[in-house]
Amino acid sequence: MKILIVGGAGYIGSHVARESLDQGHEVTVYDNLSSGFRTNLFPEAIFIEGDILDYPALLAAAMGRDVVIHLAAVKAAGESMVKPEKYSLNNLCGAVNIINATCEAGIRRLVFSSSAATYGEPAYIPIDEKHPTRPENYYGFTKLETERILGWYDKLKGLRFAALRYFNAAGYDAKGRIHGLEKVPANLLPVIMETACGMRSELQVFGDDYETKDGTGVRDYVHVSDLARGHMSALKWIDENDESLIVNLGSEAGLSVLELLETARRITGRPIPSRIVPRRPGDPAKLVASSALAKEKLGWTARESDVTTLVQTTWDAYKRSGKA
Ligand code: UD1
């Protein structure tokens, strides 16, 4: 298949591009390199440097492709609460452009990077797809709204889509083929790694008084290579069933901040100084996915999302970069 990967130079996008190439597809990456990296581009893929707000360029890139995978978005939940304009423009206007270009180019299949942020504060755990969607931040709202737009286009235009609600993406390609490290990371594992490398003086642990196993926040960390496989399985499913799908991609395991930190200390052999600080506003105590639907429909389960692989592959990426 000819696949257009919008945002294919980014952290998750480059892993999806790698998996698509490994599966023998023809890949075109469309990316403005605002948070993606040239080093994440593979020579076997076509690269078009372009912005999702540039509709003519996007349409030209979509022409002649069979499928679009949309991973181009801004994703800092906290920032979205103070800069909603940025999130409206990139995540809503950008998504509408991509969806319109997909339809105008005569493409009937699209895979969209959604998020567990669509659920908001969990009413129960594990979170399945029937869980109420009440996003707590504007970022989560933009993801949910895009899913709703896709739902309308399914009805009105026959566009079949898979919206993949990722939980906490982490890890790097185990074969060491992805090189770009996020520039100013805010997520836990890269922050731990930057502390291990001496780029930060300490890890701030946001609260140790949650009702969790050790008092720190618990999340469902899912390896990016597992996510990448999930995209390909979802694509196959919507193709074969001629139906759209909204599905969680999570490991179903809950890891605490301290569990990740201790594993990182063991694997890196570095002290990684840490300090307990007050809770970060808006952080739920615990988020864990049910991935039963992904298993049932896609035959997908996480394979590389154990804590050791998550931390080891991330540390390997930091070592390759020379930062360690
Ligand atoms: C956040 C967003 C989520 C988004 C995801 C991807 C919220 C509520 N969720 O997930 O919507 O899809 O990022 O960017 O904003 N932690 C520390 N110290 C740190 C960093 C994090 O203790 O320096 C803790 C957090 O309190 C949390 C866990 O580590 O318990 C994971 O945090 P993080 O990696 O930022 O992801 P989420 O907040 O779960």
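Student: Is E252 buried or exposed, or does it fall in between?

Tutor: Buried means under 20% relative accessible area and exposed means over 50%, with partly exposed in between (1.4 Å probe, protein chains only). E252 has 46% relative accessibility, and therefore counts as partly exposed. Keep in mind that this is a predicted model, in which local features need pLDDT of at least 70 and side-chain atom pairs count only at pLDDT 80 or more, while totals for chains, interfaces and linings use all residues. Residues are numbered from 1 along each chain as its sequence is written, and side-chain values use heavy atoms, with hydrogens and water left out.

Student: What is the phi of E252, and where does the residue lie?

Tutor: Most residues other than glycine have a negative phi, and most peptide bonds are trans. E252 has a positive phi, near 75°, and is placed in the loop between β11 and β12 (255-256); here helices (H or I, at least four residues) and strands (E, at least two) are DSSP runs, numbered from the N terminus. D242 likewise has a positive phi, near 50°, without being a glycine, and belongs to the loop between α7 (224-241) and β11 (245-249). With a relative accessibility of 42%, D242 is partly exposed.

Student: Which residues does a cis peptide bond join?

Tutor: The cis bond joins I125 and P126, with an omega of about -5°, and P126 sits in the loop between β5 (109-115) and α5 (138-157).

Student: How many salt bridges does a search of the whole structure find?

Tutor: Side chains of opposite charge can pair when their charged atoms come close. A salt bridge is taken as a side-chain nitrogen of Lys or Arg within 4 Å of a carboxyl oxygen of Asp or Glu, and the search finds 25 of them. One of these pairs R109 with D239, whose closest N and O atoms are 2.4 Å apart. Because R109 lies in strand β5 and D239 in helix α7, this pair ties together parts that are 130 residues apart in sequence. R109 is buried at 19% relative accessibility, whereas D239, at 39%, is partly exposed.

Student: Where do R275 and E202 lie, given that their side chains meet in a salt bridge?

Tutor: The N to O distance of the R275 and E202 pair is 2.8 Å. R275 belongs to strand β13 (residues 274-277) and E202 to the loop between α6 (188-196) and β8 (203-206), so the bridge ties together parts 73 residues apart in sequence. R275 is partly exposed at 41%, and E202 is partly exposed at 24%.

Student: How many residues apart are D316 and K319?

Tutor: They are three residues apart, about one turn of the helix, and both lie in helix α10 (residues 307-320).

Student: What should the 12 residues of helix α1 span?

Tutor: The expected span of a helix is 1.5 Å times one less than its number of residues. For α1 (residues 11-22) this should be 16 Å, and the end C-alpha atoms are 17 Å apart, which agrees. Of its 12 residues, 11 are buried, so α1 is largely enclosed by the rest of the structure. Contact means heavy atoms within 4.5 Å, and the buried residues of α1 pack against elements including β1 (2-6), β2 (26-31) and α7.
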